[in-house]
Amino acid sequence: LSAFDTELLKLSLILTELLKLSLIDTELLKLSLILTELLKLSLIDTELLKLSLIDTELDKLSLIDTEVDKLSLMLTELDKLSLMLTELLKLSLILTEL
């Protein structure tokens, strides 16, 4: 082989190594894109967890609302009893006057 051929072979080997490095770089870029997508999914998952917590809080508030409704019904019943007591007192006064 001539010196020129030897230099061409050396340059060809260097070019081959550069192409291998370029392929490795391409694979690293692909992995970087995959990692970016995974990070996006992780952020979405975090948002879903936040929404789940909000939903849980809304359920708690709904339970509290139900308890308030029960208390309101009890107050209504107490009002009825108070009216009955007032009527009984009126009757008692009438009976006393008799």
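## A pair in the helix

Being three residues apart in helix H1, Lys-60 and Glu-57 are separated by about one helical turn, where helices (H or I, at least four residues) and strands (E, at least two) are DSSP runs numbered from the N terminus. Their side chains meet in a salt bridge, with 3.3 Å from N to O; the term stands for a side-chain nitrogen of Lys or Arg within 4 Å of a carboxyl oxygen of Asp or Glu. Lys-60 is partly exposed at a relative accessible area of 45%, and Glu-57 is partly exposed as well, at 43%; in this scheme buried means under 20% relative accessible area, exposed over 50%, and partly exposed in between, with a 1.4 Å probe and protein chains only.

## Basis of the model

This is a predicted model, in which local features need pLDDT of at least 70 and side-chain atom pairs count only at pLDDT 80 or more, whereas totals for chains, interfaces and linings use all residues. Residues are numbered from 1 along each chain as its sequence is written, and side-chain values use heavy atoms, with hydrogens and water left out.

## Overall form

The protein chain has one helix and zero strands, and the helix, H1, covers residues 3–97. The C-alpha atoms fill a box of roughly 145 × 10 × 5 Å, taken along the principal axes. The radius of gyration of the protein chain is 42 Å, whereas a compact globule of 98 residues would have a value near 13 Å; the quantity is taken over C-alpha atoms, and the globule rule is 2.2 Å times the number of residues to the power 0.38.

Leu-33 and Asp-55, which are 22 residues apart in sequence, lie 33 Å apart in space from C-alpha to C-alpha, while for Thr-36 and Leu-95, 59 residues apart along the chain, the C-alpha separation is 88 Å.

Buried residues make up 0% of the 98 residues in the protein chain.

## Charges and salt bridges

Side chains of opposite charge can pair when their charged atoms come close.

The count of salt bridges comes to nine. Among them is the one between Lys-40 and Glu-37, at 3.3 Å from N to O; these residues are three apart in helix H1 and so are separated by about one helical turn. Lys-40 is partly exposed at 45% relative accessibility, and Glu-37 is partly exposed at 43%.

Another salt bridge joins Glu-47 to Lys-50, with the closest N and O atoms 3.3 Å apart. Both residues lie in helix H1, three residues apart, about one turn of the helix. Glu-47 is partly exposed, with a relative accessible area of 43%, and Lys-50 is partly exposed, with 45%.
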